[in-house]
Amino acid sequence: MSKTALITGITGQDGSYLAELLLEKGYQVHGLVRRSSTFSTQRIEHIYQDVHEHPQLLLHYGDLTDGQALTNLVLEIEPDEVYNLGAQSHVRVSFDQPVYTLQTVGVGALNVLEAARLLNTKKQVRVYQASSSEMYGDVLAVPQCETTPFNPQSPYACAKVFAFHQTVNYRRSYDMFASNGILFNHESERRGETFVTRKITRAAGRIKVGLQHKLYLGNLDAKRDWGYAKDYVEGMWRILQHSEPDDFVLATGRTETVRDFAKLVFAELDLDYEDYVEIDPRYFRPAEVDLLLGDPSKAKHTLGWEASTDLEELARIMTLHDLEIAKREAHAKSFVPTK
Ligand code: NDP
Ligand code: GDR
């Protein structure tokens with residue numbers, strides 16, 4: 001019998017890669033999709049299947065803040081595994097929308113746990129909570145591992161700490177299989193365009209083909225432990241296949257600055273980042289996380305998981321992908337209809 005999974009945040013970067021992975025493994029995959037006035041399903045278009053043809057992928061309208069509808073859905077589809085990836089996931093935006101961020105990231109996670117608790121009285125369900133290295137915040141130890149204390153620096157990070165502890169609390173209180181993946185930054189050609197890596201690769205491609213002249217960034221000195229999203233969704237799956245529920249750091253174990261990433265990307269296109277990058281204070285944050293560096297040894301020893309894509313390869317994949325997009329944009333712009 002194939003397993004059934006529910007993914008919240010299926011239209012996001014990680015949700016789309018995870019859906020692909022689970023479909024490859026023979027799962028029936030259900031995804032929660034927010035209603036919007038435009039299509040938000042570009043990242044999963046290639047795996048979408050007609051509802052009339054017994055699809056393995058099914059989408060449902062819903063929102064993490066609507067706990068009743070979420071519970072109804074979970075009780076209806078009775079998933080074996082729930083991956084809670086849905087979130088207002090932009091740290092800078094969380095300073096502008098702190099209450100909304102807490103509602104989706106914090107209360108949303110609690111709604112998922114409550115729905116799973118009710119299902120758990122009928123059949124065992126395994127819950128994955130998308131926890132974040134941002135929880136370490138103004139870090140108290142380097143590198144950061146599962147026992148490093150949290151010291152959050154943003155409304156987003158505070159909400160993720162709340163969700164982390166609720167996940168542990170449900171595990172202990174109700175004997176549920178509920179696990180946290182504490183994931184360090186992971187990027188890809190599907191990364192949202194306002195996160196710094198993708199902002200850089202998109203701009204570099206456009207600069208290369210003459211569509212843009214400058215790239216405005218904030219703090220270039222922040223250090224991040226960046227991996228490739230495809231590797232990380234494999235880790236999420238492994239966390240839920242483990243014999244017991246637990247919390248795991250997924251990271252590469254290497255940290256570099258935003259400046260280093262920009263250097264790599266522009267160099268890939270034979271450009272010097274210093275000719276194009278300018279600082280705009282509007283991208284500074286009220287509080288910054290200066291240094292993240294994960295210690296993934298527990299995941300390596302317990303789950304056999306390791307990041308397999310280094311930063312140079314990640315930068316190359318994203319840069320070449322975004323150069324192709326820029327070329328298409330330039331081509332479309334140069335096209336002049338004759339009639
Ligand atoms: P994205 O921002 O790419 O995707 C977020 C997803 O959540 C989207 O599908 C979005 O839907 C959905 N969503 C937002 N608000 C709601 C809501 N109220 N109800 C239901 N769905 C909602 O994030 P990523 O894929 O990068 O990250 C996945 C998860 O992992 C997030 O929880 C993030 O906080 C966490 N995380 C990410 C890391 C990373 O480096 N990428 C590292 C550590 C943790 P829509 O498409 O409609 O906007
Ligand atoms: P982060 O990712 O905050 O680490 O959260 P982001 O790419 O937004 O920022 C990384 C670092 O780059 C600096 N920075 C800029 N950031 C953005 N977005 N735009 C800029 O112009 C810019 N200039 C410099 C930031 O100050 C920061 O130090 C991501 C998200 O995916 C979270 O959901 C996730 O939990 C964490 O990673 C782990």
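These legends accompany close-up views of one predicted model.

In this predicted model, local features need pLDDT of at least 70, side-chain atom pairs count only at pLDDT 80 or more, and totals for chains, interfaces and linings use all residues. Residues are numbered from 1 along each chain as its sequence is written, while chains are lettered from A and ligands numbered from 1 in the order in which they are written.

**View 1. The protein chain splits into two domains.**
Domain 1 covers 4-188 + 228-250. Domain 2 covers 196-223 + 254-294 + 309-334. These bounds come from an automatic or database domain assignment. The C-alpha centres of the two domains lie 28 Å apart.

**View 2. Domain 1 meets domain 2.**
Here 19 residues of domain 1 are in contact with 13 residues of domain 2. Contact means that the C-beta atoms of two residues, placed from the backbone, lie within 7 Å. Helix α3 (residues 91-96) gives the largest share of the domain 1 side, 3 residues. Helices (H or I, at least four residues) and strands (E, at least two) are DSSP runs, numbered from the N terminus. By class, the domain 1 side has 9 nonpolar, 6 polar and 4 charged residues. Ala, Val, Leu, Ile, Met, Phe, Trp, Tyr, Cys and Pro count as nonpolar; Asp, Glu, Lys and Arg count as charged; the others, Gly among them, count as polar.

**View 3. Seven strands build an open sheet.**
The order is β3-β2-β1-β4-β5-β6-β11, and the pairing is parallel. Two strands pair if DSSP finds at least two bridges between them. β3 (57-61) and β11 (247-250) stand at the edges with a single partner strand each, so one side of each has no neighbour in the sheet. From one strand to the next, the twist averages 20 degrees. Strands β1 (residues 4-8) and β4 (residues 81-84) pair over 4 bridges. One bridge partner to look for is Glu81 in β4, which pairs with Ala5.

**View 4. Helix α5 packs on the sheet.**
Helix α5 (residues 155-174) touches β5 and β6 (177-183). Its direction makes about 150 degrees with that of β5. Axes are lines fitted to C-alpha atoms, for helices over the stretch in contact, and angles run from 0 to 180 degrees between N-to-C directions.

A residue is near a molecule or strand if its C-beta atom, placed from the backbone, lies within 6 Å of it.

**View 5. Ligand 2 lies between the domains.**
Both domain 1 and domain 2 give residues to the shell around ligand 2, so this ligand lies between them. Of the 22 residues around ligand 2, Ser89, Ser132, Val196, Gly218 and Ala222 come nearest. α3 and α6 (196-208) give two or more residues each. By class, the shell has 9 nonpolar, 7 polar and 6 charged residues.

A cis peptide bond joins Val142 and Pro143, with omega about -5 degrees. Phi of Glu78 is near 45 degrees, a positive value in a residue other than glycine.
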